[in-house]
Amino acid sequence: MNLSDNIACSHCNLEFSQSVMIEDGEHFFCCNGCKGVFHLLSDSGLESFYTKAGSTTLTPPTKQYENSSNFNSKAFYSKFVRVNSDGFSEVSLIIEGIHCSACVWLNEKVLHKMDGVIEATINYTNNKAIIVWADSVIKLSEIIDMVRAIGYNAFPYDATLQEAHANKERKEYYLRMAVAIFASMNIMWIAIAQYAGYFTGITQEIKTILNLAEWFLATPVLFYSGWVFFRGSYFGLKNHVVNMDLLVATGASLTYVYSIYITLLEQGEAYFDSVSMIITFVLIGKFLEILSKKNVADTLDILGNHLPSEINIIKEGQIVSCKLTDVLVDDIVVVSSGERVLIDGEIIKGSGSFDESNLTGESEPIYKSVGEHVISGTISIDADIHFRATKDFEHSTLSNLVSLLETAINKKPKIQQMANRLSEHFSTTILALSFVTFIVWWAWPHSFETSLMIGISVIVIACPCALALATPVATLVGLSLGAKKGILFKEAAQLETMAKVDTLVLDKTGTLTLGKPEVLKEHIYEEFDKKLLFSLVKSSKHPVACGIYKYINESNTNQEGIILDEYTQVPACGISAKYMGLELLGGNLKLMQNNNIEVDYSNENTIFYFAIDNRVVAIYELSDTIKSNAKEMVANLKNRGIEIIMLTGDNAHIAQKVATEVGIELYMSEQTPQDKLAYIEKLQEQKRTIVMVGDGVNDILALARADIGIVMGSGSDIAVDIGDVVLLNDSLQSLEDAFKISRTTYQLIKQNLGISLLYNAVTIPLAMAGYIIPLIAAISMSLSSLLVVGNSMRIKIKWTKG
Amino acid sequence: MDDSIIIMMLCVSIFLGAVALFAFLWAIKNGQFDDEEKFLNATKFDGEDELNDAVSQENKRRDLKKDYRPE
C-alpha cells in the first residue's frame, strides 16, 4: 500500500489509509471523536469552519476528560471566577489545541451560541480566553464541556497576577507614546517656521502665535506622556536616589516653565520643541526596555493550573470529594488512570505505571504496586489505585516543588545594568553643573533671564536621550541577532548578565547528549527474520524500542511490518508477541529472567535481548550518544575563560565516561533536582555568575536559581517557561553563539554609553559658556541619538554579513 | 500676511490630527490591537454572520442584565 491511497479525515485532516477510516456518507473519519465533532458542527450550522481552516491539521478529539463538575465547586469559583460590575461571572481560561485562526473563530462562535454566554474572547497569540456568562442561566462546567466536545480543552488560570499588570503597563505606554509622537511631529513643523524666522526675520506677533500653538501641543506631552518621569523621580527621591527620571523631569519642566515665560513676555526664544523631544525620545527608550521584560507570573501559572482544588477520598466506605488542603495523613485517596497524584502516599490497592518524568526527568514509565510509594506530581498512566496519604498536601513533594521554585525565582540574582548605575552619577552631575552655571552667570552680572536660560540650556544639551537609548537599542540588536540564530533571549537585561558569566553548569541528558539511546553494537547468535524484531519494536513508544527501530530501519532497506498476535507491553520489562506459533520476547534482563531464559551478557550499556521461543537470538547494546560538536564547544568556551561543570542524575560511571569524552574535568553524578539547586547556590556564594543549561523538569529549580537559565527548545514545557534563554535548535553551537552575542552586545552597550558621554563632554562646556542657541540644542539632541542608533546598526550589519 | 489665517490653519490642522489621534487612542484602549494575529486575520472573519452574531450577543447581554440588581 502506498501513500497515495491515504485520505484525509474530514475533521482533523490527518491522513490515513482508507481501510482504517470510518466511512459516513461522503465523509471519512479517523476516529469517532472526529466524527462526533463534525456532526456537532454541521448541526449547529458551523461547517464554514472547515473552509476557514483550510488544510490545517487538528488534534483528533480522542482524550477522555475527568468529570467537569468540580469546575462548579465553591473552592474553584472563589479562586478563579470573578463577578464583574454588571453582575456577570468572568473567568480566564487557557484553551489547548488551537492551531489556526479558524480554531479561535470556532470556539468563539460555539460559545456565543450557548444561552447565557455573554462574551467569549480568545487571544490567538497566547491561547488565552476571557469568558463572561450569566451564572443563573449556565454553569461553567457546561461551558468547559462544550469546549471539550468540539475537540479542544480548557483550563483556568489566575489572571489577576503580574501578567495582567504587565499588559496594562504596556498598553499605557502605547497610549503615552502615541500622544508624545503625535505632538512632537506637529511641534516640529511649527519649529521649522520658527527656525526659518530666526534666520530670515519674523514679526513678534507671528512668533507668539507659533509659540502658543507649541505650548498647546507640548502640554499633554509633558503632563500626560511625561507623567512616568515625574512618578519615577518621586519614587527615586523617596529612596534617596537621583535617577535619570529626575533629570528628565526637571529638565523638561524647567524648560517648559521658562518657555511659557518667554511666550508671555513676547521676547526671546521658546524651547517647547526641546520639551517634547526629550520626553518622546526617552519614553521610547523606556518602552523598548519594558517590551523586552519577561514576566515570571506565567510560569507559576502553568505549574499551578493543572492542580484541581478537590480530590477524591474514601470516607466510611464511600468515595467523597474534599478540598485538597483538607486531606489528612492516613486518609485513603483514590486515583484513576490519567489523573495526577497530588499527595504523597503508599499504595494499598491496585497497581500500574506512573509517569515520573516531571520529577526525575526519567522518561520511562515506572511500574508500582501495593506497598510502594507514589510521589505527588507524577501522573498515573494506567493505574487505578487507592493509596494511604503519608503526608498532607502542604508537605507533599509537589507542593514543596512549587514553593521551592517560587523561592528560586525570587532569589535569582539581579545584576544592576551598567546604564542604570551610570545614569545616577550622570544625573547628579548635570543638575549640579546646571545650577553652578546659573549662579556664576548671575553673579557675573548678567540679567536673571539670561542666566536662567543658560542654566537650562545645560540641562537641555546634556540630553539624556542618547544615554536613555544607548542600552535598549544595543540590546535590541542583540536580541534580533539571537533570534536569527535560533536563540531566544526572553529579557534584554540578560544579555548584559550573560556577558559577565564565568561558570557554565551543564546537565548531561538532552544537553550534552542526545537524550535518546542509539544502538552501539549488535550481537546475532542465531539467524532470524529481521521483520519479526522490526514489527515488535515498531509500535512501542519506549525510547529503547525506538532506538532499535531506528537502527533496523537504517541498516536494512525495505523493511515491512507484519501483523503480530497477542501483542502486549510488559510494564518496565519489554514487549511480548506471537507470530505463527513463534513466541517473541524483546526487553531487558528482567523480562528474560521472568521467562526463565538464562543470559550471561551484561555491561554498562543498556542491553536489549530478543528471544524467539525462549532462545536468545540477538542482543543489542544501546547507549545515549554525545552531541556532535560537544567537545569543540567545551574547548572553545574554556578558551574564553569559562569554567565548565557537569551535573547529572545518572550514576558516576556514565557521568565519568561522558565527562572525559567531552573534556570536562569537574562533574557531579546522582544529583536530585534539589541537589542541583544547592550546588548552584553554593557556587553563587563564591560570587560567581552562573549559566545553567538544561532541558528537563528535574533541572527547573537550578535553572530558576542560576543567573541565566538556558533551556533546549525540545525540553519540557515548564523548563522552557522557566528558562531565560531558549536554544530553539537544541544545538551546542547555539550555546556558544549565545555567549558570543551577549559579549558583542555588552561591548556595544559600552560603546554607545561612551559615545553619549563623549558627546556631552563636548557640548556641556559650550552650553555653560553660553554658546548654545535653540536650533543647535535641537540638532545636537537628534544627532547624538542618531549616532547611538547608527553605531548599533553598524554592529548588526557586520554580524549579519559575517 | 493676516495673522488670523495662520491661527486658523494651525487650529484646523491640529484639530484634524487630534481627531485621528483620539480615534487611535480609542482603538488601543478598546483592545483592537491586543492580538496581532487576530487583527491581521480580521478580514477573513468579517461578514454578515459576524455582524448578526455581535448583535445577538448584545441583545443577550441586555436581556440578562435587565433582571440584575446589585445587592
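Why is α16(A) described as largely enclosed by the rest of the structure?

## A buried helix in chain A

This is a predicted model. In α16(A), 17 of the 20 residues are buried, so the helix is largely enclosed by the rest of the structure. Helix α16 covers residues 465–484 of chain A. From its first C-alpha to its last it reaches 29 Å, close to the 28 Å expected at 1.5 Å a residue. Just after α16(A), A:Gly486 adopts a positive phi of about 80 degrees.

## Two helices from different chains

Two packed helices are described by the angle between their axes and the distance between the axes. Helix α7 of chain A (residues 204–225) packs with helix α1 of chain B (residues 3–29) at an angle of about 15 degrees, and their axes are 10 Å apart. Angles under 35 degrees count as roughly parallel, and α7(A) and α1(B) are therefore roughly parallel to each other. The crossing of α7(A) past α1(B) is right-handed.

On the side of α7(A), the residues that meet α1(B) are A:Glu205, A:Ile206, A:Ile209 and A:Ala213. Their partners in α1(B) are B:Asp3, B:Ile6, B:Ile7, B:Leu10 and B:Ile14. By class, this contact contains seven nonpolar, two charged and no polar residues.

## The contact between the chains

Chain A contributes 25 residues to the contact, and chain B contributes 26 residues. On the side of chain B that touches chain A, α1, α2 (36–40) and α3 (48–66) each supply at least two residues. Of these, α1(B) gives the most, with ten residues. By class, this side of chain B has twelve nonpolar, three polar and eleven charged residues.

Key:
Residues numbered from 1 in each chain as written. Chains lettered and ligands numbered in written order. Predicted model: local features only at pLDDT ≥ 70, side-chain atom pairs only at ≥ 80, totals over all residues. Helix = DSSP H or I, 4+ residues; strand = E, 2+ residues; numbered from the N terminus. Expected span 1.5 Å × (residues − 1). Buried ≥ 20, exposed ≤ 12 C-beta atoms within 10 Å, placed from the backbone. Axes fitted to C-alpha atoms, helices over the stretch in contact; angles between N-to-C directions. Parallel < 35°, antiparallel > 145°, perpendicular 65-115°, else oblique. Left-handed = near helix turned anticlockwise from the far one by under 90°. Contact = placed C-beta atoms within 7 Å. Nonpolar A, V, L, I, M, F, W, Y, C, P; charged D, E, K, R; others polar.
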